[in-house]
Amino acid sequence: MNTRLFAFIAFIMLIPLSAQESNPKAPDYQLIKKNIENKNSEFYYPKLLKKLKENDTLITKEQYQHLYFGYTFQKEYNPYKKSKNDEKLNQYYRGENITEKDVPKVIRALKEALEENPLDLRAMNYLAYMHHMSNDESMAKKISRNFHGLFEAITSSGDGMKCESAMHVISVSHEYVFLNMFQLEIISQSYNGTCDYLQFEKDKYKVPGIYFNVSQLREKSMELLKSKFDK
């Protein structure tokens, strides 16, 4: 993550959404599924997604949790889908060859990525930064609020200290968003059938590593693979 982007993130995290959850709890996927399919519920997914896309500033913590984990039940959900602009976006994320004149072009590419995947946290975070670079602080804060609301859904799902209390993610890329947010570096990664374990260098941080529960995305991956062979 480039220094300017991290400085912006550090500033924008002053928005009143906690980055750490005092009482994390694993998501109840079946209850979430029931809620997001109920047209009379405040969690009805099409309504929530519309609010997210419109950068509604009144989305609650529970609604962000339903948005994040409920996305796994949407037909568009593909945990390994890449944006058509993925190669170009990766250059932007690395901060390569971006001038003020390029900002409108970068914003367009990021918006296209979010149309393809509205829960692309990396694109959302960088879009907020681009609006900050273009001096549109109002939009930057709205988008950052959504980013942090969804990020908090992850941190509210577990403490990451062991697989049984792992944080739940719906994309492997979100594991790296978490690492970047806290400037953490890993030396290895392993998978035990339920959780990814990211190991840190010995004694570098207060904990030896962190666990992410990837059961939902693995299940979806298996479904997609099966459907591919069934055709």
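**Close-up views of a predicted model**

**Figure 1. Strand S4 and the bridge to S1.** In S4, Met-167 has Phe-212 as its bridge partner. The model shown here and in the other views is predicted. Two bridges join strand S1 (residues 167–168) to S4, and the pairing is parallel. Strand S4 covers residues 209–213; four of these five residues are buried, so the strand is largely enclosed by the rest of the structure.

**Figure 2. Strand S3 against S4.** Strand S3 (residues 195–200) runs antiparallel to S4, with five bridges between the two. S3 is mostly covered, with five of its six residues buried.

**Figure 3. The S2–S3 hairpin.** S2 and S3 form a hairpin in which three residues lie between the strands. Gly-193, in the turn, has a positive phi of about 105°. The two strands are antiparallel and are joined by five bridges.

Figure 4. The four strands make an open sheet with mixed pairing, in the order S1-S4-S3-S2. S1 and strand S2 (186–191) are the edge strands; each has a single partner strand, so one side of each is left without a neighbour in the sheet. Within this order, the S1 and S4 pair is parallel, whereas S3 and S4 run antiparallel, as do S2 and S3. Along the sequence, the elements of the chain follow the pattern α-α-α-α-α-α-α-α-β-α-β-β-β-α, made up of ten helices and four strands.

**Figure 5. Helix H8.** Helix H8 takes in residues 137–155. At 1.5 Å a residue, its 19 residues should span 27 Å, and the end C-alpha atoms are 26 Å apart, which agrees. Of the 19 residues of H8, 14 are buried, so the helix is largely enclosed by the rest of the structure. For the chain as a whole, 48% of the 231 residues count as buried.

**Figure 6. The largest pocket.** The volume of the largest pocket is about 810 Å³. It is lined by 35 residues, of which Tyr-93, Asp-120, Arg-122, Ser-171 and Ser-173 are the closest to its centre. By residue class, the lining of the largest pocket comprises 18 nonpolar, nine polar and eight charged residues.

**Figure 7. Elements and domains around the largest pocket.** Four helices each supply at least two residues of the lining of the largest pocket: H5 (86–93), H6 (103–116), H7 (121–133) and H9 (172–181). The largest share of this lining, seven residues, comes from H9. Domain 1 (28–156) and domain 2 (159–230) each contribute at least three residues to the lining of the largest pocket.

Terms used: Residues are numbered from 1 along each chain as its sequence is written. This is a predicted model: local features need pLDDT of at least 70, side-chain atom pairs count only at pLDDT 80 or more; totals for chains, interfaces and linings use all residues. Side-chain values use heavy atoms; hydrogens and water are left out. On a 1 Å grid over the protein atoms alone, a cavity is a set of points where a 1.4 Å probe fits but cannot get out, and a pocket is an open set with protein on both sides within 12 Å along at least five of seven lines; lining residues have an atom within 4 Å of a point. Grid points are joined across faces, edges and corners, and a volume is the space filled by probe spheres set on the points. Ala, Val, Leu, Ile, Met, Phe, Trp, Tyr, Cys and Pro count as nonpolar, Asp, Glu, Lys and Arg as charged, and the others, Gly among them, as polar. Domain bounds come from an automatic or database domain assignment. Buried means under 20% relative accessible area, exposed over 50%, partly exposed in between (1.4 Å probe, protein chains only). Two strands pair if DSSP finds at least two bridges between them. The expected span of a helix is 1.5 Å times one less than its number of residues.
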